[in-house]
Amino acid sequence: MTALRILVPVKRVIDYAVKPRVNAAQTGVETAGVKMSMNPFDELSIEEAIRLRERHPTTVTDILAFSAGPAKAQDTLRTAMAMGADRALLAETDTELEPLAVAKLLQRVVKDEDRNLVILGKQSIDGDAGQTGQMLAGLLGWGQATQASAVVVGEGGRVTVTREVDGGEEVLELGLPAVVTADLRLNEPRYASLPNIMKAKKKPLVKRAVADFGVEVGARLQTVKVVEPAPRKGGGKVEDVGGLVARLKELGAL
Amino acid sequence: LSTLAVLEHKEGNLLPQSLPVITAATKLGGTVTALLAGTDAASVAAQVAKLNGVSEVLTVSNGAYDKSLAENFAPMLQENIKAGGFTHVVAAHSAFGKNIMPRLSALLDVQQISDVIEIHDDSTFVRPIYAGNAIATVKSSDDIKVLTIRGTAFPAAAEGSGSAAAVQESSADPKVESSTTWVSENLAKSERPDLGTATRVVSGGRGLKDKDNFDKLMPPLADALGAAIGASRAAVDSGFADNSLQVGQTGKVVAPQLYLAVGISGAIQHLAGMKDSKVIAAINKDADAPIFQVADVGLVADLFTAVPELTEKLKSEK
């Protein structure tokens, strides 16, 4: 069976349980002093890479975690290694990169590191764009399976992916190399054990400046402003089912 | 300024999520060319040609596009955009649009704008970020603007009274081989309205406790209202309901006339998927549940008695 050299990109984002607040200048969301974590969809992709190795111990030869972001993103990469990634690479930048720029960085990493399978989260929960995996597949000319809920690697190096589509699911078969993006039902990510967290501190983590990758990462979008959504005035209560029906009629909903 | 609206169809019919795409395309201000690809493209084109706002319909009648595989669909779109000199490309933020448009954007070397809810002008767009906890206005400097739009944010295009737009078979079909093959699909069959476009939605959460209760209480309530059924992520994760019914940041975004949440506490990820509904009603036994902060009408009650009572009351009033 073809050796699998897996790349798993991860992003450091505001923790999913924190309610984000727009900053006073209305230029973005306040991140100072806010708990940050690995994007939850990226935990799924790391987990899937590890499970592929557990199912095919000799086939999966290397799992590389990658992140583009501030120096602090090293924490996220250490988490990925504590879960089971072998090593990590950080493209360091303090500028927020757009999905196309990240896809171009990944394209370079795929070439430099000779990858043949990339597993990404289907979206990051900050920008909610949901583009990077598909853009990468397009740049590389590889097959893609987005919103995966099951990934099976067959004997002939074919990858069968069940993906979530509107109203149900769809099964695709891909040849390698390929790009897969993870959806919520793909698996349940493990917690890193303390011994594994300790071991991860010794795993190799390479830092390089984004400029060293030699790809064009300039912004194409200018953020004009960021605002809080219009608040909804809720809070109206009724006493019983009769009151509920009557109120819904008043509101024209029935 | 000319816009290509990429539309979806199935079994010879235009899909409802494509109707707001045409409306969004008209808001950009130029001509709107609708594109349909696949075996049935020409027959669906006749329906599309009658819709308000459509200037022209372009068909790519090739069965290779029937399964909407991004590997050949995106290059085909790229060729058509080049041939037609389009400045804007719009598709739904549906499974189809999410899969294909970013690949297209990479081929065009442009930064796509996903899940657009408002169009200010031909380069300025509004979109939710952080699960709708913030709303960003962005201005694109790309030569070609690629957008996916949130269907509930734009009205559906209606059939016009004027003459139908011209239908033309495209000569741009690069016939790229797809390395990916389509194997099968398993779609939930339902007689009820489609969740994404229904005018009424009843949604069940963890408060229903198990799948038996969900199946016993939710369908009769939905039928009494003529509503689609939805579910919270907690209910889906616990196996009460199929994943395709999930409403929220990572599931479907709905904005019906009435959204009735049953046994749903109202996590921010769930609210992101339904807070633009016209009227929100909630039944929950916990008076402090966050859902009540957004609900126009809240009933603090045990859903196991309130829901059957409500269902009976609605049925008797029919």
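**Ground rules.** I worked from a predicted model, in which local features need pLDDT of at least 70 and side-chain atom pairs count only at pLDDT 80 or more, while totals for chains, interfaces and linings use all residues. Residues are numbered from 1 along each chain as its sequence is written, chains are lettered from A and ligands numbered from 1 in the order in which they are written, and side-chain values use heavy atoms, with hydrogens and water left out.

**Chain B, overall.** I looked up the secondary structure and noted 9 helices and 18 strands in chain B. Helices here are DSSP runs of H or I with at least four residues, strands are runs of E with at least two, and both are numbered from the N terminus. The radius of gyration of chain B is 21 Å, close to the 20 Å that the globule rule gives for 318 residues, so chain B is as compact as a globular protein of that length. That radius is taken over C-alpha atoms, and the rule is 2.2 Å times the number of residues to the power 0.38. Along the principal axes, I read a span of about 60 × 45 × 35 Å for the C-alpha trace of chain B.

I then checked burial: 57% of the 318 residues of chain B count as buried. Buried means under 20% relative accessible area, exposed over 50%, and partly exposed in between, with a 1.4 Å probe and protein chains only. Chain B exposes about 12000 Å², of which carbon and sulfur atoms supply 48%. These areas come from the Shrake-Rupley method with a 1.4 Å probe; for residues, only the protein chains shown count as cover.

Of the contacts in chain B (heavy atoms within 4.5 Å) with a separation of 6 or more, 64% join residues 24 or more positions apart. For charges I took Lys and Arg as positive and Asp and Glu as negative, leaving out His and the chain ends, with the place set at NZ of Lys, CZ of Arg, CG of Asp or CD of Glu. The mean positions of the 27 positive and 35 negative charges of chain B are 4 Å apart.

**Chain B, domains.** The domain assignment gives domain 1 (2–169) and domain 2 (200–317); such bounds come from an automatic or database assignment. I noted 32 Å between the C-alpha centres of the two domains of chain B. In chain B, 6 residues of domain 1 are in contact with 8 residues of domain 2.

**Chain A, overall.** I found 6 helices and 13 strands in chain A. The C-alpha atoms of chain A fill a box of roughly 65 × 40 × 40 Å along the principal axes. Of the 254 residues in chain A, 52% are buried. Chain A exposes about 10900 Å², with 51% from carbon and sulfur atoms. In chain A, 71% of the contacts with a separation of 6 or more are between residues 24 or more positions apart. The mean positions of its 34 positive and 33 negative charges are 3 Å apart.

**Backbone exceptions.** Most residues other than glycine have a negative phi, and most peptide bonds are trans. I logged these exceptions.

- The peptide bond from Leu176(A) to Pro177(A) is cis, with omega near 0°. Pro177(A) is in the loop between strand E9 (168–174) and strand E10 (178–182) of chain A.
- Gln26(A) is not a glycine, yet has a positive phi of about 55°. I placed Gln26(A) in the loop between strand E2 (12–14) and strand E3 (36–38) of chain A. Gln26(A) is partly exposed, at a relative accessible area of 35%.
- Asp109(B) has a positive phi near 60°. Asp109(B) lies in the loop between helix H4 (95–108) and strand E7 (113–116) of chain B, and is partly exposed at 32% relative accessible area.
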